[in-house]
Amino acid sequence: MPSQMEHAMETMMFTFRKFAGDKGYLTKEDLRVLMEKVFPGFLENQKDPLAVDKIMKDLDQCRDGKVGFQSFFSLIVGLTIACNDFFVVHMKQKERNRRF
């Protein structure tokens, strides 16, 4: 039976493959659909209507309109780090509020 971490890795690989299809990369439209389906709250809370365009520009290192698995994984890592940073700040504030 896979560990939680192995399951998380498998989920990321299968999610990428689901949206990339047989071509093995994401286009900007693939990325937009993936973000809408997998991270709906992220796009709903964006004030910038060009958020996906900017993410695509950051991830498309070769400027060929394609995002491979490594770049996709970089996006997941960046979002995870941002969520962790938010969580740490939230927990510190919660702890301060309990003291008073």
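This is a predicted model: local features need pLDDT of at least 70, side-chain atom pairs count only at pLDDT 80 or more; totals for chains, interfaces and linings use all residues.
**Entry 1: the α2/α4 pair**

I started with how two of the helices pack. Two packed helices are described by the angle between their axes and by the distance between those axes, so I looked up both. Helix α2 runs over residues 28-38 and helix α4 over residues 51-59; their packing angle is about 120°, and the axes are 10 Å apart. That makes α2 oblique to α4, since the roughly perpendicular class covers 65 to 115 degrees and roughly antiparallel needs over 145. I also noted the handedness: α2 and α4 cross in a right-handed way.

Next I listed who meets whom. From α2 I wrote down K28, L31, R32 and M35; on the α4 side their partners are V52, D53, I55, M56 and L59. Sorted by class, this contact has six nonpolar and three charged residues, and no polar ones.

**Entry 2: M35**

M35 sits in helix α2 and is buried, with a relative accessible area of 1%. I counted that as buried because the cut-off is under 20%. Leaving out residues up to four places away in sequence, I find M35 touching P40, F42, L43, I55 and L75. One of these, I55, is also on the α4 side of the helix contact.

M35 and V52 are 17 residues apart along the sequence, and their C-alpha atoms are 8.2 Å apart in space.

**Entry 3: S71**

Buried or exposed, I asked of S71? S71 comes out buried, at a relative accessible area of 17%, which falls in that class because the limit is under 20%. S71 belongs to helix α5, residues 69-99. Again skipping residues up to four places away in sequence, I get L59 and Q61 as what S71 touches. L59 had already turned up in my notes, among the α4 residues that meet α2.

**Entry 4: annotated spans**

I then turned to the UniProt record, an unreviewed entry. The record gives a "transmembrane region" over residues 67-89. In the model, that span is 91% helix and 0% strand, and its end C-alpha atoms lie 32 Å apart.

I get 80% helix and 0% strand for residues 5-44, with 28 Å between the end C-alpha atoms.

Terms used: Residues are numbered from 1 along each chain as its sequence is written. Side-chain values use heavy atoms; hydrogens and water are left out. Axes are lines fitted to C-alpha atoms, for helices over the stretch in contact, and angles run from 0 to 180 degrees between N-to-C directions. Helices (H or I, at least four residues) and strands (E, at least two) are DSSP runs, numbered from the N terminus. Angles under 35 degrees count as roughly parallel, over 145 as roughly antiparallel, 65 to 115 as roughly perpendicular and the rest as oblique. A crossing is left-handed if the near helix is turned anticlockwise from the far one by less than a right angle, and right-handed if clockwise. Contact means heavy atoms within 4.5 Å. Ala, Val, Leu, Ile, Met, Phe, Trp, Tyr, Cys and Pro count as nonpolar, Asp, Glu, Lys and Arg as charged, and the others, Gly among them, as polar. UniProt positions are given in the numbering used here, feature names are shortened, and annotations may be inferred rather than shown by experiment. Buried means under 20% relative accessible area, exposed over 50%, partly exposed in between (1.4 Å probe, protein chains only).
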